[in-house]
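Please look at the structure shown below, and keep it in view while the following paragraphs lead you through some of its strands, helices and contacts.

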Amino acid sequence: MLIEVENLHKAYPLPESGSLQVLTGAAFSLSAGATLAITGQSGSGKSTLIALLAGLDRPESGRVVVSGVELTTLREAELTRFRAENIGIIFQQFHLMPHLTAEENISLPLELMRRPCTREKIDAILDKVGLSARRDHLPGQLSGGECQRVAIARALIVDPVVLLADEPTGNLDVATGREVSDLLFDLVNRENMTMIVVTHNQELAGRCSQQLRLEQGLLQ
Amino acid sequence: MKFLLRLSWRDISRNRRFTLLFLVNLALGLAGFMVIGSFSGSLNRYLDGNLKEILTADLVLQSSRPLTKQEIEISRAMLQPEARISQQISFYSMVKGSTVAKLAQIVAIDGAYPLYGSFRYTGSFAHSRVLNDLQQERKLLMSRETARTFDLQLGDTLKIGQAEYQVAFFYEQDPEGEFTALELAPKIYLSIAQLGDSGLIRFGSRITYKRFFRLSASSDAAAAAVGLNKALAAVAGENGSVRIVTTKDVNRRLGRVVGYFGKFLGLASMVALFLAGMSAAYLFREHLQARLKETAIMLCLGANRRQCLLLHAGQLSVLGFLAACMSIFLGWWLLPLFGRLFTGIIPPNLHLMLDPISVIITLVVGTIGSLLFCLPVYLRLFTVQPLQLLHEQRGDTEPGIKGMALLGASLLPALAMLVLLAASLSGSLYQGALFTAGLVVLVVIFSLIAGLLLNRCRHWSRKSGLTWKIVWRNLHRNRLSTGAVFVAIATAVLLVNLVPQVENGLMAEIGRPEGMELPVFFLIDIQEEQQQPLRAFFQGSGHELSSLAPMVRGRIVSVNSVPFSKWRQQQSGVDAVFRRTEFNFSSREQLDASETVVKGLPVRPTPWSWESGQPFDISMEEQFSERLGVTLGDRMVVDIQGIELEGQIVNLRKVRWNSFQPNFFMLLQKGVLDDAPKTYLASISRVAPEEKIQVVNRLAERFANISVIDVTRTVELLGDITAKLTRSLRFMAWLAMATGVVAVVSIARQEALRREREINLLRVLGAGVGRIRMITMMEFALLGGAAALTAILLSYGCSYTVAWLLFDRIWQFQWQSGLLLLGALPITCAMIAFLAIDSVLRRKPVALLS
């Protein structure tokens, strides 16, 4: 299995006292090349689960294993390195650097890891996401769909083992959302990548090879 | 690293508004520091390089009597027989021109003067020719300005004592004339060979005899001075009346004069730096707020925290460095203007230039200081988590006790830097710490007042109509930014209003001491036998001679049986062998109106007699007693005309020296000075301005030896110097004000941008542009007005305290500048708000939908 999640527990402290239990023993596994949709109501813990899978947060208990590496045992610096090299993340709100151009945003992860960033590689990925003509534009000069394409390109530039997408079409209109999801699945299928998508969008979820629903902190 | 730098530069260049405001803020704050540092540096360098020229020798023997043959032989033997020697005799005397008689400083020189430095003559005269002419005939050398004050031309004659001398040469600059503004009377040079004809060298004349030595280049003048002092002490005792002056003494004396004022200016410049730092921290806070998400993105994409911290630290340092460069340029531009404020006080040949050490310090302070000022904000980077990208709805949480403690600790490096800077400017760690503590206390007071007022705004909003309701609510809601504006304005206004307030009291007291009548003339060198004729002279002209006081020159031999030189060494902890031991003593039946006993009992009115075997009573001036390290009950042996007598300090007096009445450091019991040969001092009041010249001319005609000091002229001179000095202080205060205004501009601008969505929402809901503009302007006008009022009231309190502590409670209410500031500040703030909000209002409210 490429991804193994076992008995994950996560709670957030409440402002007054006590805590809010978000995940109570969540578990699943995913093989390489599979695509998984996680659905659930708002506040059901979808984003928390993706944060734990990305190593952005740590569980109270349980294990998250990606490519044979148990994330919960890694130290902060190791986790950062692992995430940068193996996990691509796509956010609902794109989260692009506003003062960097589309091209610079895409090459940012490679620059941060001090990995070679060739013009050919950038050209190829820009071509894949259909933004060759917009490479020198700032995020403020791009439409929502184009911003998300840049975010997808940025996630793919490091050739990640797994792609995590948090509501990738949540900020887009129906038509643009469909375009973006087409692009996403096209790229994932073409590269035989593993992807986990958190979404409300049933159409998007339906395009995944597997689906899980998060209810009361448990995956069903 | 290269990538981080590129990213940092990209961020700076894309956020031009933040960059510009940050740079202007810090540059203005550092500019004052730069100017003061360069001014002091230039002056110190000048003094260091010209000490021998100012002293005109390596070493000078100085005494109030001619040196004895033995002393001359000893000095020759100790200071190498080949040393070049020059002599000078100087004293103050009345001098009569064709129409005017005035006090002048008569300087008689020999053919070897000056040993260092030179005269710059008006016209092409050889120095040797001038000296030769002075030696051969009764000729005078003076400045053209001096000639003008005596209404003289070249070739005219001037009466000095009993003889007439011809004005033969003018000089533009003399060797010792570096600080001419502080001179009591104009200088007139003549030859020692021709001085005898004047008949002024006689008992009672206060004459200074100087013997200048120029040693070989390899000699150590300081060591030679120590050796010579020991040798002279061996023959005259430790309290001999010959004083040895070296370049070190000149440096100390001039350094003290310049140092005091430089210290005040330096500390005033620190206020500007403090305001700049505060404003920079606010700007960076707003800038960083927008960058927190980007930091989270970077962390998410693989950047480690060190890279993120480096990115922003680098950004701050680059900005600080650029601001420092701007401030250096600004300092270079301002320095000549600043120097002009001191015209007549600083040496005319002083070339003001950027001081390399100040440049380095400014660059270091700019580069590191920007980071230190912003440290409390910068620390937020440690709390950024990439997880925030998935939970954007989470707002800022209130910092807990640990957070508050960390915040407090993060302020310490910036405060430590301020302490060190203030200490370097004031020359004392204690004063630096005290100043910084004062500034912090002030900010805390202003913050508390702002907090109280802003909390009250919530209450006022409940009872107001819509416009005022929004105004009060906004003030209450944005307490951090409005509080920062309040503190920035109040601190600057306090300083700006404090300077004229103190100056006003000081000027008023110099010109018109409270409860006292300022004399018009002060008379010195009155002989014993001239008392009655002088009284009669003034009675005849309808004036009254007052405060006639005897004066006897003597030495302090010992204090509590310890030789005086050793006593002073013990008290001060430094080598005091070259300090003066001669002082003027007097006695009076009752104290003058300008003096009060503050400690101890009055001096006994009964005359002291030698036969009593008891020490006589001594009344000592309070500050003088502190300088000597003596107090009530201490016994002192004084040498009066060769007779040693013992007295005991029975009281300490406070003297108002600005009364210009004959006052003395030491008053001795009646009877002690009876048999000693003495001269008298007196004052004359109520002489109409139009009578002054006539009275002095007649007095000089009748009593040629009596010197007359024109008190009203001296007061004018002091007023002029005070005005020049306070002008430079005002310069610094206004620089602080400019920094404060830039801080307000920065904060207003950031606030306008921050409220953009809110403003758009109001417009969408139907609020007119005029109303929104009015709301913002009223907010800032209220803030400016409240801050100005608070600061003005506090400045009156502070100025009163300063006057009470430093200037003998001289305080006078000065309302003009306060009223001006109170009127101007709300208008300025409203205008700043108007401009800040304008660009936001010009955008379409549809932006709300994007």
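Two strands are said to pair if DSSP finds at least two bridges between them, and helices (H or I, at least four residues) and strands (E, at least two) are DSSP runs that are numbered from the N terminus. The model is predicted, so that local features need pLDDT of at least 70 and side-chain atom pairs count only at pLDDT 80 or more, whereas totals for chains, interfaces and linings use all residues. Residues are numbered from 1 along each chain as its sequence is written, while chains are lettered from A and ligands numbered from 1 in the order in which they are written.

In chain A, strand β1 (residues 3-13) and strand β4 (residues 61-66) run antiparallel and are joined by five bridges, with A:Ser61 of β4(A) as the bridge partner of A:His9. Strand β4(A) is also joined by two bridges to β5 (residues 69-70) of chain A, again in an antiparallel way, and here A:Val65 stands opposite A:Glu70. The hairpin of β4(A) and β5(A) has two residues between the strands, and in this hairpin A:Ser67 takes a positive phi near 55°.

Chain A also holds an open sheet of six strands with mixed pairing, in the order β6-β7-β8-β3-β9-β10. Because β6 (87-90) and β10 (218-219) of chain A stand at the edges with a single partner strand each, one side of each is left without a neighbour in the sheet. Within this sheet, β7 (residues 162-166) and β8 (residues 194-198) of chain A run parallel and are joined by five bridges, and A:Val162 stands opposite A:Thr194 in β8(A).

In chain B, helix α2 (residues 16-55) and helix α20 (residues 711-754) pack at an angle of about 165°, with their axes 9 Å apart. Such axes are lines fitted to C-alpha atoms, for helices over the stretch in contact, and angles run from 0 to 180 degrees between N-to-C directions. Angles under 35 degrees count as roughly parallel, over 145 as roughly antiparallel, 65 to 115 as roughly perpendicular and the rest as oblique, and therefore α2(B) is roughly antiparallel to α20(B).

Finally, the two chains meet in a contact that takes 18 residues from chain B and 22 residues from chain A, where two residues are in contact if their C-beta atoms, placed from the backbone, lie within 7 Å. On the side of chain B that touches chain A, the elements that give two or more residues are α1 (2-14) and α8 (247-300) of chain B.
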